[in-house]
Structure formats: C-alpha cells, structure tokens
Amino acid sequence: MALSDIKIAPTEDFAACMAVRIAVFVKEQGVPAELENDALDAGARHLLATRDGRPVGTARVMREGATGKIGRVCVLNELRGTGLGLALMQAALDELHAMGGIERVQLGAQTSALPFYARLGFAPCGEVFDSVGIPHVMMERAL
C-alpha cells in the first residue's frame with residue numbers, strides 16, 4: 001500500500017469518521033461507546049482518510065480563539081506505521097492554518113503516543129491525567 005493511495009479531506013460524513021473511531025477507540029482500546037461521541041463533535045471540522053473509498057483514519061479540528069485543537073486522531077491498526085498518521089496530522093495542521101488567526105495548537109495525547117506527536121513538534125504542557133481509563137498528557141506547539 002502506498003500512502004499515495006490514501007485521500008485525506010474534510011468531510012461531512014460523520015458516520016464514516018465514527019466507524020473508524022469505534023474500531024480503534026471502542027473495540028481496540030476499550031473506551032465505552034457512549035463516551036466516544038461527545039458534545040465537541042457538533043462544532044468540529046472532521047477529517048477523513050480513505051483508501052479505495054473505505055474509511056481508514058480520522059481526526060477532528062476546532063478552534064478556541066487563537067488556539068487550535070486537534071482530537072480523536074486514529075488510524076486503523078493495519079495501516080499504522082505507513083505514514084498515514086503523520087499525513088493525517090499534517091492535514092489537521094493545514095486545516096487549522098487555513099482557518100487563520102490560530103497561533104498555537106493543543107491536543108490531549110495518549111502517553112503511548114507522545115513520541116509520535118513529538119515528531120510533529122508537539123511538547124508536553126501538563127501533568128498526566130486519566131481520560132476514559134487511558135493516561136493522557138496535554139501537548140502543544142506553535143502553528
């Protein structure tokens with residue numbers, strides 16, 4: 001599989017994004033299904049990565065004043081390690097940049113993913129906290 005076979009774009013197809021999130025967060029990581037869809041989804045812009053029309057990754061972006069937020073970043077297990085996660089994050093950063101006026105970006109990273117986000121210039125900016133039974137750390141970087 002070449003990364004060029006993947007299309008990443010903003011989408012109105014929230015059900016496709018949720019299908020990827022359910023596969024990764026609920027089925028794989030054990031997050032309670034009722035907690036996966038939260039109130040922030042309604043106001044977020046959702047990115048969807050597809051391969052041959054099949055949803056394979058997603059992320060959501062939103063802004064709070066001059067701060068951009070990235071969340072719910074996930075890639076199906078069989079496509080991890082292909083560069084898709086980095087491409088998805090770059091697309092999320094590009095979306096935030098296109099919104100204009102955003103100076104920094106924050107995300108809540110699972111502690112196991114800290115090296116991944118560090119590769120993108122994110123640095124921890126808080127203490128470890130529990131989110132749905134999984135240890136997380138807030139991270140941020142300039143946009």
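Okay, so of the 143 residues in the protein chain, 41% are buried, where buried means under 20% relative accessible area with a 1.4 Å probe, protein chains only. Before I go on, this is a predicted model, so local features need pLDDT of at least 70 and side-chain atom pairs count only at pLDDT 80 or more, while totals for chains, interfaces and linings use all residues. Residues are numbered from 1 along each chain as its sequence is written, and side-chain values use heavy atoms, with hydrogens and water left out.

Let's do the overall fold. The protein chain has four helices and eight strands, and reading from the N terminus the order is β-α-α-β-β-β-α-β-α-β-β-β. Those are DSSP runs, helices being H or I with at least four residues and strands E with at least two, numbered from the N terminus.

On to contacts, meaning heavy atoms within 4.5 Å. Of the contacts in the protein chain with a separation of 6 or more, 61% come from residues 24 or more positions apart.

Now, two residues I'd like you to click on. His 46 sits in strand β2, residues 45-51. Why is His 46 called buried? Because its relative accessibility is 6%. Beyond the neighbours within four places in sequence, His 46 is in contact with a whole list of residues, including Ala 9, Pro 10, Phe 14, Cys 17 and Arg 60. Asp 41 is on that list too, and the Asp 41 backbone oxygen lies 3.0 Å from a polar atom of the His 46 side chain. Also have a look at Asp 13: Asp 13 and His 46 are 33 residues apart in sequence, yet 8.3 Å apart in space, C-alpha to C-alpha.

The other one is Thr 67, in strand β4, residues 67-75. Thr 67 is buried as well, because its relative accessible area is 9%. Which residues does Thr 67 touch, leaving aside its neighbours within four places in sequence? Those are Met 62, Ile 102, Arg 104 and Gln 106.

Key: Buried means under 20% relative accessible area, exposed over 50%, partly exposed in between (1.4 Å probe, protein chains only). A polar contact is a pair of N or O atoms within 3.5 Å; within protein, one must be able to donate a hydrogen and the other to accept it, and residues adjacent in sequence count only if both atoms are side-chain atoms.
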